[in-house]
Amino acid sequence: MANITKEELKRLLVTKEMPHSSNMDLSGLDLSELDFSGLTLFSSNFSNTRLIKTKFVKTFLEKCNFEGADLTDADLTTANLKEANLRGATLVNSTLANANLTKASLAGATCIEASLTFAKLNGCDLSGANLTAASLHGADLTKANLTSAITKGTIFKFAQFDGTIGYKP
């Protein structure tokens with residue numbers, strides 16, 4: 001369970017006193033509509049956290065745990081999510097444009113109408129993910145796993161598929 005309350009976190013963000021941090025436990029909280037843009041939150045735990053309309057623009061989130069989190073309408077533009085765990089996360093209508101998701105896991109994630117344009121998804125596990133109507137325009141899917149992913153209406157224009165598993169362009 002979280003080691004900080006939403007009220008404490010909100011105060012730190014508003015007063016710009018939020019430290020760059022690692023291993024923060026923010027699991028199970030409702031952090032909707034907060035702005036974490038530009039922060040370093042390495043290896044922090046956001047599992048089962050409500051993050052609707054939350055901003056993580058240019059945020060360093062390498063090795064963070066977002067398993068089961070609700071990131072509906074979240075903005076993760078240019079976020080570094082390398083090796084992050086987003087298994088079973090909800091990313092409906094979220095923006096991950098130019099995000100680094102190298103070796104991240106989005107297995108079973110719901111990414112309906114999400115924007116992953118020009119995202120770096122090298123070695124990313126997208127097995128069983130629902131990518132219905134998502135945009136992966138220009139995305140790098142080198143060695144990504146799309147086995148059993150739902151890709152109805154997904155835009156893959158100019159995407160790279162070198163060594164991709166489970167999807168034939």
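1. Partly exposed means between the cut-offs of under 20% relative accessible area for buried and over 50% for exposed. K63, at 40% relative accessibility, therefore counts as partly exposed. The model is predicted.

2. K63 has a charged partner. E83 forms a salt bridge with K63, and their closest N and O atoms are 3.9 Å apart. Both residues lie in the segment after β2, so the pair ties together parts that are 20 residues apart in sequence. E83 is partly exposed too, at 36% relative accessibility.

3. How many salt bridges does a search of the whole structure find? The search finds three. Side chains of opposite charge can pair when their charged atoms come close.

4. Another of the bridges joins R50 and D30, with the closest N and O atoms 3.5 Å apart. R50 is in the segment after β2, while D30 sits in the loop between β1 (21-22) and β2. This pair links distant parts of the chain, 20 residues apart. R50 is partly exposed, with a relative accessible area of 42%. D30 is partly exposed at 35%.

5. D125 and R87 form a salt bridge as well, and here the closest N and O atoms are 3.7 Å apart. Both residues are in the segment after β2, 38 residues apart. Is D125 buried or exposed? D125 is buried, because its relative accessible area is 19% and the cut-off for buried is under 20%. R87 is partly exposed, with a relative accessible area of 38%.

6. S105 touches both ends of that bridge: its contacts beyond four places in sequence are A84, N85, L86, R87 and D125. S105 lies in the segment after β2. S105 is buried, with a relative accessible area of 12%.

7. A104 is also in the segment after β2. Its relative accessible area is 2%, so A104 is buried. Setting aside residues up to four places away in sequence, A104 touches L81, E83, A84, G123, C124 and D125. A104 and G153 are 49 residues apart in sequence, and their C-alpha atoms are 23 Å apart in space.

8. Now the nonpolar core. The largest one has 54 residues. Which residues have the most contacts inside it? They are F66, L71 and L101. Helix α1 (residues 6-14) gives the largest share of this core, three residues.

9. L101 deserves a look. Leaving aside neighbours within four places in sequence, L101 is in contact with several leucines, including L81, L86, L96, L106, L116 and L121. A119, K120, N122 and C124 are also among the contacts of L101.

Notes: Residues are numbered from 1 along each chain as its sequence is written. This is a predicted model: local features need pLDDT of at least 70, side-chain atom pairs count only at pLDDT 80 or more; totals for chains, interfaces and linings use all residues. Side-chain values use heavy atoms; hydrogens and water are left out. A nonpolar core is a set of buried Ala, Val, Leu, Ile, Met, Phe, Trp, Tyr and Cys residues joined through side-chain atoms within 4.5 Å. Buried means under 20% relative accessible area, exposed over 50%, partly exposed in between (1.4 Å probe, protein chains only). Helices (H or I, at least four residues) and strands (E, at least two) are DSSP runs, numbered from the N terminus. Contact means heavy atoms within 4.5 Å. A salt bridge is a side-chain nitrogen of Lys or Arg within 4 Å of a carboxyl oxygen of Asp or Glu.
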